[in-house]
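Please read them with the coordinates open.

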Amino acid sequence: MSTQTPVSYHCPNCGKDVAERAPACATCGASFEGLGWKPLKPGETYEPARDDSPPGIFYKACVVLGVGFLIATVLPVGAYIVQATLGSILNPSFRKISPAVYYVVSMGLNYLPAALVVGVCFRRFSVFQRVPYTHRSPVLFGLGTSLIILYLFARVVASTVPGGGAGFAVASFSPFVLWPALLMLGIGSAKLLIGIGRSRANPSFQPTATGGG
Ligand SMILES: [Zn+2]
């Protein structure tokens, strides 16, 4: 009780020193509340016994691309900027020369900047470390992002077919593919936000409040 052994604890996610009862890691933002993660003693390693192990790269890619697509669809800021700056390059003649390249370039310019911003923000605010695994929705993000990538791929392939009939056919499928996908991504994003809100509701972490080492 009164004897304070000078044991240094470390974060299971990034390995940096943390206080024994810290609610979160000051370095990477990993939350120790409501999760299986906790500050570890020297020599201890984290064993992912439950589903609360850190999310994998495939899940992270699905979430970043999916949320980026959702934002680019709801707020097509990137599309306006592209049209204003590169409108002369992406003019109809380019579309005629190579419709597939035109679609790939315009889709890339629309969605990738949004995904990039999402990725940077998620990293800055340690979203993947903060969200409890109960709020990750891997199926919603995996399925939603896969459907959108498949749809975009189908549109690019259809654009190479002369005549425009294939493109029209793919476009007519969009309500049955895009809307469910956007709905899945929307629900998944809302759950992510709720998860972050929960980890933020914890008392703020004060580094080395009791240590003083
Ligand atoms: Zn950490």
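1. Helix H1 passes helix H4 in a right-handed crossing, a crossing being right-handed if the near helix is turned clockwise from the far one by less than a right angle, and left-handed if anticlockwise. The axes of H1 (residues 57-74) and H4 (residues 99-124) come within 8 Å and cross at roughly 120°, where axes are lines fitted to C-alpha atoms, for helices over the stretch in contact, and angles run from 0 to 180 degrees between N-to-C directions. H1 and H4 are therefore oblique to each other, given that angles under 35 degrees count as roughly parallel, over 145 as roughly antiparallel, 65 to 115 as roughly perpendicular and the rest as oblique.

2. On the H1 side, the residues that meet H4 are Val 64, Leu 65, Val 67, Gly 68, Phe 69, Ile 71 and Ala 72, and their counterparts in H4 are Asn 110, Tyr 111, Ala 114, Ala 115, Val 118, Gly 119 and Phe 122; two residues are in contact if their C-beta atoms, placed from the backbone, lie within 7 Å. The residues of this contact divide into 11 nonpolar, 3 polar and no charged, with Ala, Val, Leu, Ile, Met, Phe, Trp, Tyr, Cys and Pro counted as nonpolar, Asp, Glu, Lys and Arg as charged, and the others, Gly among them, as polar.

3. The model is a predicted one, in which local features need pLDDT of at least 70 and side-chain atom pairs count only at pLDDT 80 or more, while totals for chains, interfaces and linings use all residues. Residues are numbered from 1 along each chain as its sequence is written.

4. Ser 126, in the loop between H4 and helix H5 (127-130), has a positive phi of about 50° although it is not a glycine, and with 20 C-beta neighbours inside 10 Å it counts as buried (20 or more other C-beta atoms within 10 Å; exposed if 12 or fewer, partly exposed in between). Ser 137, in the loop between H5 and helix H6 (138-159), likewise has a positive phi of about 50°, and counts as buried with 25 C-beta neighbours inside 10 Å.

5. Leu 140 lies in helix H6 and touches Met 184, Ile 187 and Gly 188, not counting residues up to four places away in sequence. The C-alpha atoms of Leu 140 and Gly 188 are separated by 6.0 Å, although these residues are 48 apart along the chain.

6. Overall, the protein chain has 7 helices and 2 strands, taken as DSSP runs (H or I, at least four residues, for helices; E, at least two, for strands) numbered from the N terminus.
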